[in-house]
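Biologist: Can you take me through this one? I'd like the overall layout, then the charges, then the surface.

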Amino acid sequence: LMTLWSAVNRVSKEGRNMGEEERLTPLEALRAVTINAAYQYFEEDRKGSIRPGKLADFVILDRNPLEVAPTELRELQVLQTIKEGIAQL
């Protein structure tokens, strides 16, 4: 979630702007850490999206990251983790 927050907000720890022109939308940031990451590792046939036959690795969040203010992305809470289709405690 911190990676999403950083990519969307582009603000340093000290609060300085780190390149407004390089900010991603929340959707672009989510794709970067899911579908695009799987593609980069040549694993798009097994990972990166929820499709039949793929590993079901994902988290359930307390709020929709596409609907919260960009500055709130790092405050989202993971309610549950699913790894290979099995809920993790």
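**Layout, salt bridges and surface**

Biologist: Before anything else, what kind of model is this?
Modeller: This is a predicted model.

Biologist: Fine. How many helices and strands does the protein chain have?
Modeller: The protein chain has three helices and three strands. Read from the N terminus, the order is α-α-α-β-β-β.

Biologist: And what are the spans along the principal axes?
Modeller: The C-alpha trace spans about 45 × 30 × 20 Å along those axes.

Biologist: What share of the residues is buried?
Modeller: Buried residues account for 17% of the 89 in the protein chain. The chain exposes about 6700 Å², and 54% of that is supplied by carbon and sulfur atoms.

Biologist: What about contacts between residues 24 or more positions apart?
Modeller: Taking the contacts with a separation of 6 or more, 35% are between residues 24 or more positions apart.

Biologist: Charges next. How many positive and negative side chains are there?
Modeller: There are 12 positive and 14 negative side chains in the protein chain. The centres of the two sets lie 2 Å apart.

Biologist: How many salt bridges does the structure hold?
Modeller: Seven. Side chains of opposite charge can pair when their charged atoms come close.

Biologist: Start with Glu22. Which residue does Glu22 form a salt bridge with?
Modeller: Its partner is Arg10, and the closest N and O atoms are 3.1 Å apart. Both Glu22 and Arg10 lie in the loop between α1 (2-9) and α2 (26-33), so the pair ties together parts that are 12 residues apart in sequence.

Biologist: Which residue pairs with Lys83?
Modeller: Lys83 forms a salt bridge with Asp57, with 3.3 Å between the closest N and O atoms. That pair links distant parts of the chain, 26 residues apart. Lys83 sits in strand β2 (residues 78-83), while Asp57 is in the loop between α3 (35-40) and β1 (58-61).

Biologist: How accessible are Lys83 and Asp57?
Modeller: Lys83 counts as partly exposed at 39% relative accessibility, and Asp57 counts as partly exposed at 31%.

Biologist: What does Arg63 pair with?
Modeller: Asp62, with the closest N and O atoms 3.7 Å apart. Arg63 is partly exposed at 30% relative accessibility, and Asp62 is partly exposed at 34%.

Biologist: Which residues are linked in a network of salt bridges?
Modeller: Glu43, Arg46 and Lys47 are.

Biologist: Switching to the surface. Which residues form the nonpolar patch?
Modeller: The patch consists of Ile50, Phe58, Ile60 and Leu79, which together have about 380 Å² of accessible area.

Biologist: Where in the fold is Phe58?
Modeller: Phe58 is in strand β1. With a relative accessible area of 33%, Phe58 is partly exposed.

Biologist: One more residue. Where is Val78, and what is Val78 in contact with?
Modeller: Val78 is found in strand β2. Neighbours within four places in sequence aside, Val78 is in contact with Leu1, Val59, Ile60 and Leu61. Ile60 is also one of the nonpolar patch residues.

Definitions and conventions. Residues numbered from 1 in each chain as written. Predicted model: local features only at pLDDT ≥ 70, side-chain atom pairs only at ≥ 80, totals over all residues. Heavy atoms only, no water. Salt bridge = Lys/Arg side-chain N within 4 Å of Asp/Glu carboxyl O. Helix = DSSP H or I, 4+ residues; strand = E, 2+ residues; numbered from the N terminus. Buried < 20%, exposed > 50% of the residue type's maximum accessible area, 1.4 Å probe, protein only. Patch = residues over 30% accessible without salt bridge, like charges linked within 9 Å, V, L, I, M, F, W, Y side chains within 5 Å. Areas by Shrake-Rupley, 256 points an atom, 1.4 Å probe, with all protein chains shown as cover. Contact = heavy atoms within 4.5 Å. Lys, Arg positive; Asp, Glu negative; His and termini not counted. Charge placed at Lys NZ, Arg CZ, Asp CG, Glu CD.
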